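I opened this notebook to keep a record of what I looked up in one protein model. The entries follow the order in which I consulted the structure.

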Amino acid sequence: MARNKVTIVGAGNVGATTAHWLIEREVADLVLVDIPQVEGMPQGKSLDMLQAGPVMGYDAQITGTTSYEPTANSDVVVITAGLARKPGMTREDLVGRNQEIITDVIQKVIPGSPNAIYIVVTNPLDTMTYLAYKVSGLPRERILGQAGVLDGARFRTFIAQELQVSVENTHAFVLGGHGDEMVPLPRYSTVAGIPITELMTTEQIDRLVERTRKGGAEIVSLLKTGSAYYAPGASVAKMVEAILKDRKLIVPCSVYLDGEYGIKDLFFGVPVKLGRKGVEQIVEIKLQPDEKIALDKSVELIRSTMSALKL
Ligand code: APR
């Protein structure tokens with residue numbers, strides 16, 4: 001049986017780390033692409049990862065390239081190409097340059113892999129995924145943005161630390177845009193099935209919610225040279241695996257909404273079912289009035305970022 005193929009565009013921190021997490025899972029052979037200006041870099045990283053195979057015990061292949069030919073007939077394409085934040089920058093500051101990059105990437109990768117499922121990671125996430133959707137003409141089931149798995153993982157990390165429990169016991173529910181107005185939902189966030197609202201004070205929960213919202217910025221300010229990549233890469237790998245194994249995994253992702261949650265013509269983070277066909281279902285939940293207000297604020301932030309797009 002032919003193996004699955006996953007292309008990762010952008011061999012920088014997020015792209016290479018995604019490849020690193022993914023190759024060990026052996027769910028596909030990988031192609032790591034970057035621009036000709038960095039010729040040798042994707043090839044070098046790929047060869048290095050290949051040579052870890054005998055030590056770690058995987059046989060998956062990985063090819064580094066600056067041409068799109070080896071990407072043809074990919075099952076999944078992950079787009080991490082673009083600028084990352086530096087201290088003091090918001091995700092929204094990246095729109096102009098990343099619009100050019102996303103447009104370039106889509107035009108080059110789509111012809112060889114018109115049937116793939118596309119996962120966008122480039123920030124500002126919801127806006128760049130919308131752009132990729134428009135430029136590509138893909139059906140909405142086959143294009144989504146990675147945000148909620150990462151935001152949920154950050155919330156889960158903080159919950160586990162606060163209550164001194166295993167991260168495995170935690171479950172977190174985060175809705176909304178991948179920005180400071182994201183909406184973590186404490187009443188649906190649990191430890192061993194128990195809502196955290198029964199395990200923590202409001203003050204504790206508010207503190208963790210705030211830290212989750214600013215989770216990306218906290219890492220940017222520590223690194224000083226760029227933004228997070230280990231947890232983002234792991235989150236993408238989880239999504240890719242769910243798609244290729246047709247797991248029907250329900251996770252929050254940025255998807256095109258056409259009336260769901262009362263939102264139209266926007267990519268927005270909501271729970272979806274991921275399987276071999278991509279986004280197989282959008283899960284709608286009833287929101288309380290305060291949650292709806294928070295969601296509306298998040299929509300507003302994305303719409304204002306979107307207004308900087310030149311479509
Ligand atoms: N085509 C392909 N690759 C490109 C292009 C392009 N047109 N333009 C830039 N790149 C590549 C760069 O050469 C670089 O190797 O994208 C890579 C980006 O890597 P980093 O600078 O290390 O950035 P990274 O931390 O990986 O973040 C990438 O993901 O999480 C988001 O906010 C983050 O938007 C940023 C993106």
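**Entry 1: burial.** I began with the term itself: a residue counts as buried when its relative accessible area is under 20%, as exposed when it is over 50%, and as partly exposed in between. The model is a predicted one. By this cut-off, I noted that buried residues make up 53% of the 311 residues in the protein.

**Entry 2: overall form.** I asked what radius of gyration a compact globule with 311 residues would have. I then looked up the extent of the C-alpha trace, which spans about 55 × 45 × 40 Å along the principal axes. For the secondary structure, I recorded 10 helices and 14 strands.

**Entry 3: contacts, surface and charge.** I took the contacts between residues at least 6 apart in sequence and found that 70% of them join residues at least 24 apart. The accessible surface comes to about 13,900 Å², and carbon and sulfur atoms account for 53% of this area. I also looked up the charges: there are 33 positive and 36 negative ones, and their mean positions lie 1 Å apart.

**Entry 4: strand S1.** Is strand S1 largely enclosed or open? Four of the five residues of S1 (residues 5-9) are buried, so the strand is largely enclosed by the rest of the structure. I next looked for its pairing and found that S1 and strand S2 (residues 29-33) run in the parallel sense, with five bridges between them.

**Entry 5: a cis peptide bond.** I examined the bond from Asn 123 to Pro 124 and recorded it as cis, with omega near -5°. Pro 124 itself sits in the loop between strand S5 (117-120) and helix H5 (125-136).

**Entry 6: positive phi values.** I looked up two residues other than glycine that have a positive phi: Gln 164, with phi near 55°, and Lys 224, with phi near 70°. Gln 164 lies in the loop between helix H6 (148-163) and strand S7 (170-171). Lys 224 is found in the loop between helix H8 (215-223) and helix H9 (230-244).

Are these residues buried or exposed? Gln 164 has 68% relative accessibility and therefore counts as exposed. Lys 224 is exposed because its relative accessible area is 55%, and the cut-off is over 50%.

Technical notes:
Residues are numbered from 1 along each chain as its sequence is written. This is a predicted model: local features need pLDDT of at least 70, side-chain atom pairs count only at pLDDT 80 or more; totals for chains, interfaces and linings use all residues. Side-chain values use heavy atoms; hydrogens and water are left out. Helices (H or I, at least four residues) and strands (E, at least two) are DSSP runs, numbered from the N terminus. The radius of gyration is taken over C-alpha atoms; the globule rule is 2.2 Å times the number of residues to the power 0.38. Buried means under 20% relative accessible area, exposed over 50%, partly exposed in between (1.4 Å probe, protein chains only). Contact means heavy atoms within 4.5 Å. Accessible areas come from the Shrake-Rupley method with a 1.4 Å probe; for residues, only the protein chains shown count as cover. Lys and Arg count as positive and Asp and Glu as negative; His and the chain ends are not counted. The place of a charge is taken as NZ of Lys, CZ of Arg, CG of Asp or CD of Glu. Two strands pair if DSSP finds at least two bridges between them.
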